[in-house]
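Q: Hey, can you walk me through a few spots in this one? I'm new to reading structures.

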Amino acid sequence: MADEEAGGAERMEVSTELPQTPQLLASWWDQQVDFYTTFLHHLAQLVPEIYSAEMDPDLEKQEESIQMSIFTPLEWYLFGEDPDICLEKLKHSGAFQLCGKVFKSGETTYSCRDCAIDPTCVLCMDCFQNSVHKNHRYKMHTSTGGGFCDCGDTEAWKTGPFCVSHEPGRAGTTKENLRCPLNEEVIAQARKIFPSVIKYIVEMTIWEEEKELLPELQIREKNERYYCVLFNDEHHSYDHVIYSLQRALDCELAEAQLHTTAIDKEGRRAVKAGAFAACQEAKEDIKSHSENVSQHPLHVEVLHSEVMAHQKFALRLGSWMNKIMSYSSDFRQIFCQACLREEPGSENPCLISRLMLWDAKLYKGARKILHELIFSSFFMEMEYKKFFAMEFVKYYKQLQKEYISDDHDRSISVTALSVQMFTVPTLARHLIEEQNVISVITETLLEVLPEYLDRNNKFNFQGYSQDKLGRVYAVICDLKYILISKPTAWTERLRMQFLEGFRSFLKILTCMQGMEEIRRQVGQHIEVDPDWEAAIAIQMQLKNILLMFQEWCACDEELLLVAYKECHKAVMRCSTSFISSSKTVVQLCGHTLETKSYRVSEDLVSIHLPLSRTLAGLHVRLSRLGAVSRLHEFVPFEDFQVEVLVEYPLRCLVLVAQVVAEMWRRNGLSLISQDLIKQYNTLIEEMLQVLIYIVGERYVPGVGNVTKEEVTMREIIHLLCIEPMPHSAIAKNLPENENNETGLENVINKVATFKKPGVSGHGVYELKDESLKDFNMYFYHYSKTQHSKAEHMQKKRRKQENKDEALPPPPPPEFCPAFSKVVNLLNCDIMMYILRIIFERAIDTDSNLWTEGMLQMAFHILALGLLEEKQQLQKAPEEEVTFDFYHKASRLGSSAMNAQNIQMLLEKLKGIPQLEGQKDMITWILQMFDTVKRLREKSCLIVATTSGSESIKNDEITHDKEKAERKRKAEAARLHRQKIMAQMSALQKNFIETHKLMYDSTSEMSGKEDSIMEEESTPAVSDYSRIALGPKRGPTVTEKEVLTCILCQEEQEVKIENNAMVLSACVQKSTALTQNRGKPIELSGETVDPLFMDPDLAYGTYTGSCGHVMHAVCWQKYFEAVQLSSQQRIHVDLFDLESGEYLCPLCKSLCNTVIPIIPLQPQRINSENAEALAQLLTLAQWIQTVLARISGYNMKHAKGENPTIPVLLDQGMGDSTFEFHSILSFGIQPSIKYSNSIKEMVILFATTIYRIGLKVPPDETDPRIPMMTWSTCAFTIQAIENLLGDEGKPLFGALQNRQHNGLKALMQFAIAQKITCPQVLIQKHLVRLLSVVLPNLKSEDTPCLLSIDLFHVLVGAVLAFPSLYWDDTVDLQPSSISSSYNHLYLFHLITMAHMLQILLTIDTDLPLAQVQEESEEARSASSFLAEVSQYTNGCIGCGVPGWYLWVSLKNGITPYLRCAALFFHYLLGVTPPEELLTNPAEGEYSALCSYLSLPTNLFLLFQEYWDTVRPLLQRWCADPALLHCLKQKNTIVRYPRKRNSLIELPDDYSCLLNQASHFRCPRSADDERKHPVLCLFCGAILCSQNICCQEIVNGEEVGACIFHALHCGAGVCIFLKIRECRVVLVEGKARGCAYPAPYLDEYGETDPGLKRGNPLHLSRERYRKLHLVWQQHCIIEEIARSQETNQMLFGFNWQLL
Ligand SMILES: [Zn+2]
Ligand SMILES: [Zn+2]
Ligand SMILES: [Zn+2]
Ligand SMILES: [Zn+2]
Ligand SMILES: [Zn+2]
Ligand SMILES: [Zn+2]
Ligand SMILES: [Zn+2]
């Protein structure tokens, strides 16, 4: 088509005859000459249409049209064929070399401490998991967003730059097809398309309100539709924006909120559409409503609808470009070239720079996409990254200035990209060499900081803006990035440019040297303290940069010397005022010093001396390089002027001393009343301290002959001399280098040993004994408190080891030659004078111008001097050693009559009683004098040795004497300690006695129990005594129970006729045993029938107790008092009083009720009578009797109504010889009478169980109350049995006191519970229970055998059975003999039912490899099953080997037998067999059988009762419901039930993080940060603390976790917050607490919040402990206790977790 046609004609054509398919459109484009114009025309046509609905868009439709009408044609045009096919090909053509994944905020990143060039080099999780670094020392971090993965960047890693998936040449790709997988045509097309695309994007992004559309885009009638667009800023609060919008637009709150949320997320939003005038009006309204005195108005613009549409599309086009570029390196390069091309003849920068420069004006959403565009193009291609970096540096100043005045976060500023470029070593070098980037950065600083300059050209940050200064730090940070890796090779140009940068940097330091001078205010009160924070903060920021500059300088001797010269000049320039000030002369000890006069306490002084610091650092480096000798070539001696150099640092030290002496107290007036003597003394101490540091602290490489390692070691030693410390505490106290490393790991094991943590607490390092000798009391990094702590610790230790208490300095390392003259300070006349004066003052009884601390320091200096001389003497011949400390110290200071030398003074000091504590140190020094003296004399005269040895001998004698004396004292001290310890332990015992805390050791308990049993049972240990059921049942072992009330401390015996005593208790719902986790729970139990328990035990009711006893009356008073106090003050809701919650007064466990304590009723039967009765009362007869009784009741009550009582099956009932009263003939006794107080408590407790167990309002008359009592008894026993099994503990004898007391009280309560309701009611329940196991009894609602838990049936039936003895007139209950038969037969019947249950559900799919010998039991099993299978029409397993049946049965039934044993024991008090008290090994099964009157071959039960049981078996098996159950293979419950445990966690924590990173919220698609939380019960991952996943429960909003907990744990749950590595326990809606996660780093520490980022591994012990907290039902208790201890944390809204 000819293109010289008029624009109008073409316009027509475009609009009417647009080719219909993408393919055709593409080929039509192909015919056009000018793609740019054609493309824009196309967009002009479509974009405004597609994006017309700005206010309420249909996003899916928009996307579809864009794809169809723009992107697909573009792709066709690009590839010349079907893009889908083409892209698929490209995808397989090779992986990229760089990963380049851009991190979202909250994502976990990894860096390798062994291999990363610097800590900014990070990997994404996928790359990390596939890399070698997984097994190195790594760190985990949480990204703040914006960075990207460095995998594949060979410059970022010392080793292993590629992960497995980014390795070049992987999967058959060669370098060639990786580089150019595209044919020439495609490349040519790309060169046509990409420039147009980027140009359009830039044109549309860089937009100003008044601008007109590009002419190419103005092909349509211009409509009159505008938008009023509101932009995000960081100044206005959320609420303020909502308020302004509501006012200005007169809209609903919800709409305003919607706008505000979108603005916050995207950065801008159209809030009104309409004609220009209307939008303009809205704009003014919003502005005026959002403006006030302190705030600018909101940023609002009115934009034409087409502009909005094109801007939107431009960003979409950017994302499309990202996608296309991800396929090929060629695409990326072509795109980059297009971005970098400068328009010929235009002043404009290239396109990418224009975008960069516009960055600060853009809104959030646009910036994000544009930065991504840069990441996916320039940053993926090393060469173009360099070009980009050069553009970036070109505009660096401008960009930073704009960033500083911008109000957006740094993470979304283009300036944040600096780290990606500056930290790449080759790039950094290039930028320094070619663009002088160091100077660029420092000059930027100098340009943005002037507003803080005062008239002396020094910084002054008074009244600074914290936000702005924070932004300046970003520039300082860039300096750090540029310097982070030292160059390995230097070029002349690099050297030159670096030096220029260094000079420029010195200019900044010059502005800081001496900044913010202060003057001590005397005599007037200062209202406002000067603001020192900003200045200090900026110094801290520069700290590492100073060091890095020094390191760079030290790369090369020449460079260092030049830098030194520059720095020296700078210091001198800053010292002019000093040089010009007037002089004074000071004289001392015959020495004269001419100096400038200056008084810190009166004149101006500054603490900021970065130039001096830098110079000092360079000096040390000179010394290390050995280049000091050449210094004079650069700085002539006469210019050096050391007195000028030290002047300012000395002033600073004096200032520090004065501050310590409290001379700089804020309130100047206090000066008058100040204690001048104390002040002087402190100043002297400070001076001595400085002297000690100068002569003694040589632990800097270059100052002393030490290595870096030795320095770190010494730091660690001194930390550990204070106390053993965990790794993190040591690391925090050590200085970090620019790579955030302390070097700790390399040396710690040389000086310390690691002590592993227990199940709580953390691991610590303890100092090795051999390192103790290195302790220096005046270690220069000690704070005052650390110093005294360490001194105290070390003295204590020496005392314990029976050593003297002297703590002399360790011999210091030698000075480097450059500093070797420093030791002469020790040796000079002035030092001697100082020491002597101090000692003389101490001896002078009238003087108070001395302190013990001062003396200690003087001793320390003395010791240093002697050590120095000793070392020198040991190294060189005596005559060569000029250091004559000994000589000077033993010389008289003057010729005065009473003159004394230092040695004599020391002898005198020894005699001063106040200095007792220093005696050992003085002795040590005197011995040292002798040693040095002998070393001096050794070489002189042999004659002298005699006298010498004499003196040594004398010495030894006195030494021995002292030793003996010390020993005597030590012995006396030991005895004294012993006495105190004895008193302490007596107290402790007392305390334990009186406060029986909940965690009483179990061994103690079992011991006690044993001894009682022995006493009771020794007289008649006969065979029958340890059987609980049937005619041979043993006697009840009762003891007189006298308990102490924890509230009133009074004792009382527990008796049924006494006032009640109660046990504090907590009833809770539990899923601890569930076989069907997550089963839907009834939110209210109004309609639930809890008589039968499902075999899956999904939701049980657990009753626990902390075991603490109170009088019922005392407890009631206590509870009322708590209620009252909570009404009076505003109390945080620790517990819910409404539902009866309170904290146990003693142990602060959360309780919600009390259990009345009722004594066991002693029962003893005459076994001969009982045996005789056995003849009469067979099982068959017993059943007949029971049935007769039931049918009798039936006839009595069933007058017309009573449909719930089941109909008796007619079998043999007609002519029964058994009648209604025959049940009574086997023995009866009157019912027990309980005191009213006990009755009251029984009702209270029973109602609580009912209320909590069913989640219903309390109702004392509800017929389900007894059912709930039985249910909690059964469930609590099952839970405890399960726990004992889990822990491998014996059934009896290993229970905790609280469990033992709880069970005992619970069972006895359950017996008594029947008195609180009508017996008819209990009978009704009983009949329903019996209908399961009595052959002739079945009602409509009798559940099938496989849908009930038989232990619950057993407990219910046994507890309800006495109701059959009830008569209208007399209150009767079965006698002991009757009971024992009732129990026996009920138990036998139910056991047989359970056996059938087990056999029916045996998992026969399991491999049956192992063949065992056929035992008698196995044969019984086979034949029994053969019989049963007839009744089920062969539905269940024939052909299963008998041994397998028997083994399965035995395993399956054991938990039930153990539960039954616990139940009958606590019900009847019959002593269990020995085997059940010790370990749960071999003998357990037969002991259980014996205790429960069962044959060990359980099948014998069926044989014995065959005739009676057969009809029952038939009925059970023929039940259609049962057959139906059997078919439901996956929901069927098998026995033994599986034991629940917390989910398996991976050993390596990063696996969990990995999982979390793949987590997608099921409800929302946005990429906002999520808080994935793992349920440790079931393994579900939830979206926590987010509105998207909230649920409504009972009209209240609850978070995803709380909602999940409702079903998963019946309200109680344990979660792991994955991103934070924190465990949380929750209960109900409003309660929860944090708990240490079971993950530890290699130093035995947890890392909540992943702050340290060390690799974490699962601690099995800790996870096990957490498991037990759950299984012991202690979660609620943990929460209550943690809330009690840290009420601070209460702000958290647990409900929304
Ligand atoms: Zn990666
Ligand atoms: Zn990778
Ligand atoms: Zn590594
Ligand atoms: Zn009491
Ligand atoms: Zn308690
Ligand atoms: Zn769960
Ligand atoms: Zn969600």
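Predicted model: local features only at pLDDT ≥ 70, side-chain atom pairs only at ≥ 80, totals over all residues.

Q: Okay, which residues coordinate the zinc ion (ligand 6)?

A: Cys1575, Cys1578 and Cys1608 do it through their SG atoms, and His1604 does it through NE2, at 2.0 to 2.3 Å. Along the chain, these donors follow the spacing C-x2-C-x25-H-x3-C.

Q: What's the arrangement of the four donor atoms around the zinc ion (ligand 6)?

A: Tetrahedral, because the angles they subtend are 104 to 113 degrees. For tetrahedral, all angles have to lie between 85 and 135 degrees. The ideal angle for four tetrahedral donors is 109.5 degrees.

Q: And Cys1575, is that buried or exposed?

A: Cys1575 is buried, since its relative accessibility is 0%. Cys1578 is partly exposed, with a relative accessible area of 34%.

Q: Switching to the sheet: what's the order of the five strands?

A: The order is E20-E19-E23-E24-E25, in an open sheet with antiparallel pairing. E20 (1581-1584) and E25 (1631-1635) are at the edges with a single partner strand each, so one side of each has no neighbour in the sheet. On average, neighbouring strands are turned by 35 degrees against each other, ignoring direction.

Q: What packs on the sheet?

A: Helix H59 (residues 1600-1608) does, touching E19 (1571-1575), E20, E23 and E24. The direction of H59 makes about 135 degrees with that of E23. There's also helix H60 (residues 1660-1671), which lies across E23, E24 and E25 and runs at about 160 degrees to E25.

Q: How many bridges pair E23 and E24?

A: Six bridges, linking E23 (residues 1612-1617) and E24 (residues 1622-1627) in the antiparallel sense. Lys1617 stands opposite Arg1622 in E24.

Q: New topic: how many aromatic pairs are there?

A: The count comes to 63. One of them is Phe128 with Tyr138, an edge-to-face pair at 4.7 Å centre to centre, with 65 degrees between the planes. Phe128 is in helix H6 (residues 125-129) and Tyr138 in strand E2 (residues 138-142), so the pair ties together parts 10 residues apart in sequence. Both Phe128 and Tyr138 are buried.

Q: And what about Trp1446 and Tyr1485?

A: They're edge-to-face too, at 6.2 Å centre to centre and 75 degrees between the planes. Trp1446 sits in helix H53 (residues 1442-1468) and Tyr1485 in helix H54 (residues 1484-1491), 39 residues apart. Trp1446 counts as buried because its relative accessibility is 11%.

Notes: Residues numbered from 1 in each chain as written. Chains lettered and ligands numbered in written order. Heavy atoms only, no water. Pairing = 2+ DSSP bridges. Helix = DSSP H or I, 4+ residues; strand = E, 2+ residues; numbered from the N terminus. Axes fitted to C-alpha atoms, helices over the stretch in contact; angles between N-to-C directions. Contact = heavy atoms within 4.5 Å. Donors = N, O, S within 2.8 Å, 3.2 Å for Na, K, Ca; no water. Tetrahedral: all angles 85-135°; square planar, octahedral: opposite > 155°, others 65-115°. Buried < 20%, exposed > 50% of the residue type's maximum accessible area, 1.4 Å probe, protein only. Phe/Tyr/Trp six-rings, centres within 6.5 Å; stacked < 30°, edge-to-face > 60°.
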